[in-house]
Amino acid sequence: MRIVVLAGGIGGARFLRGLRAAAPDADITVIGNTGDDIHLFGLKVCPDLDTVMYTLGGGIHEEQGWGRADESFTVREELKAYGVGPEWFGLGDRDFATHIVRTQMMAAGYPLSAVTEALCARWQPGVRLLPMTDDRVETHVLISAPEDQDGPAAEPDGSGGPAASDGAPRRRAVHFQEYWVRLRASVPAHAVVPVGADQAKPAPGVLEAISGADVVLFPPSNPVVSIGTILAVPGIREAIADAGVPVVGLSPIVGGAPVRGMADKVLAAVGVEATAAAVARHYGSGLLDGWLVDTVDVDAVPEVEAAGIRCQAVPLMMRDVDATERMAAAALALAEEVRV
């Protein structure tokens, strides 16, 4: 069986660990989100790709769900002593090594897809990990900011915009990492824009993997800034819709709240209610064939099916690999149901 999975960071990576257990003989291709990528200290940092690679390769900090296990922070402390920021994004020493190798290879002319393949040769994640694109895409979030906030006011595309002269709150765009990590999504998001996505091309192998798949899965990753950003790359959404294979997703919203993170904040920015049914409708019946909701949201099943998407309620909490394996198995079983 050939399975394609669209994945963000922690949720996608942990789901993939369960999927490998549920389908040990499957050929799994992961299309990873690169909209969270950021340049820090002169280095190219790919948080979602690295989280998948570390998680499946046995190097992840299990409690955090991101970063390396047994990490130290000597370089970060030295940078801080020099007054070099940003201090809000903490990179560990082991993690720095990955970003140094990636940046050196890209400076030598290798595309991100080739660099990712080379990095995975060390970690052996057991899946084929592809970035969604080799082109630069950065997710920006439009927020309200006071006049004295650092940085210029900006339009949703990141270009400079007019500032209010009376000191009233104005809107400016910040990188998603600043919104998520530094601000902790503590201010309302007015828009989410994957800058550069409309001009990007799918990375080599992405469209071929989709067209050759037997099933496509959307794990419980963020539907706006993870899976949504991947789908924003021209050609990917269309390839999935036209593939003629079951497309099944798992809700990241349980009981009206995100299982992890702050997906409700960015869902609100795109006008989507933080419910399992609303996220299914957001993807749409033109893309999704099946949708899994948690058992606490069983009342959402008729609503989702009324939207033309087959729906079932199963436990969706990834408490351990066994629970996640059962989730993945349920997704594959639903895919077989909608195939006929």
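**Entry 1: the model.** I am working from a predicted model, so I keep that in mind for everything below.

**Entry 2: α2 against α5.** I looked up how helix α2 (residues 47-57) sits relative to helix α5 (residues 112-123). Their axes come within 10 Å and cross at roughly 20°. Angles under 35 degrees count as roughly parallel, so α2 is roughly parallel to α5. I also checked the hand of the crossing of α2 and α5, and it is right-handed.

Next I wanted the residues in the contact. From α2 I noted L49, M53, Y54 and G57, and these meet L112, T116, L119, C120 and W123 in α5. Sorted by class, the contact of α2 with α5 has seven nonpolar residues, two polar ones and no charged ones.

**Entry 3: the largest pocket.** How big is the volume of the largest pocket? I get about 1200 Å³. I count 49 residues in its lining, and those nearest the centre are G9, I10, W66, W180 and R260.

Which helices supply at least two residues each to this lining? I wrote down α1 (10-22), α2, α4 (93-107) and α6 (176-182). The largest share of the pocket lining comes from α2, with five residues. By class, the pocket lining has 22 nonpolar, 16 polar and 11 charged residues.

**Entry 4: cavities.** How many cavities of 30 Å³ or more does a search of the whole structure find? It finds two.

The largest cavity holds about 40 Å³ of space. Its lining is made up of F41, R76, L79, K80, V84, P86, E87 and F89. I sorted these by class as five nonpolar, three charged and no polar.

The second largest cavity holds about 30 Å³. I listed I10, A13, R14, R17, T55, I60 and G65 as its lining. Helix α1 gives the largest share of that lining, four residues. The classes here are three nonpolar, two polar and two charged.

**Entry 5: cross-check.** I went back over my lists for I10. It is among the residues nearest the centre of the largest pocket, and I10 also lines the second largest cavity.

Conventions. Residues numbered from 1 in each chain as written. Predicted model: local features only at pLDDT ≥ 70, side-chain atom pairs only at ≥ 80, totals over all residues. Heavy atoms only, no water. Axes fitted to C-alpha atoms, helices over the stretch in contact; angles between N-to-C directions. Parallel < 35°, antiparallel > 145°, perpendicular 65-115°, else oblique. Left-handed = near helix turned anticlockwise from the far one by under 90°. Contact = heavy atoms within 4.5 Å. Nonpolar A, V, L, I, M, F, W, Y, C, P; charged D, E, K, R; others polar. 1 Å grid on protein atoms, 1.4 Å probe; cavity = no way out; pocket = protein on both sides within 12 Å on 5 of 7 lines; lining within 4 Å. Points joined across faces, edges and corners; volume = space filled by probe spheres on them.
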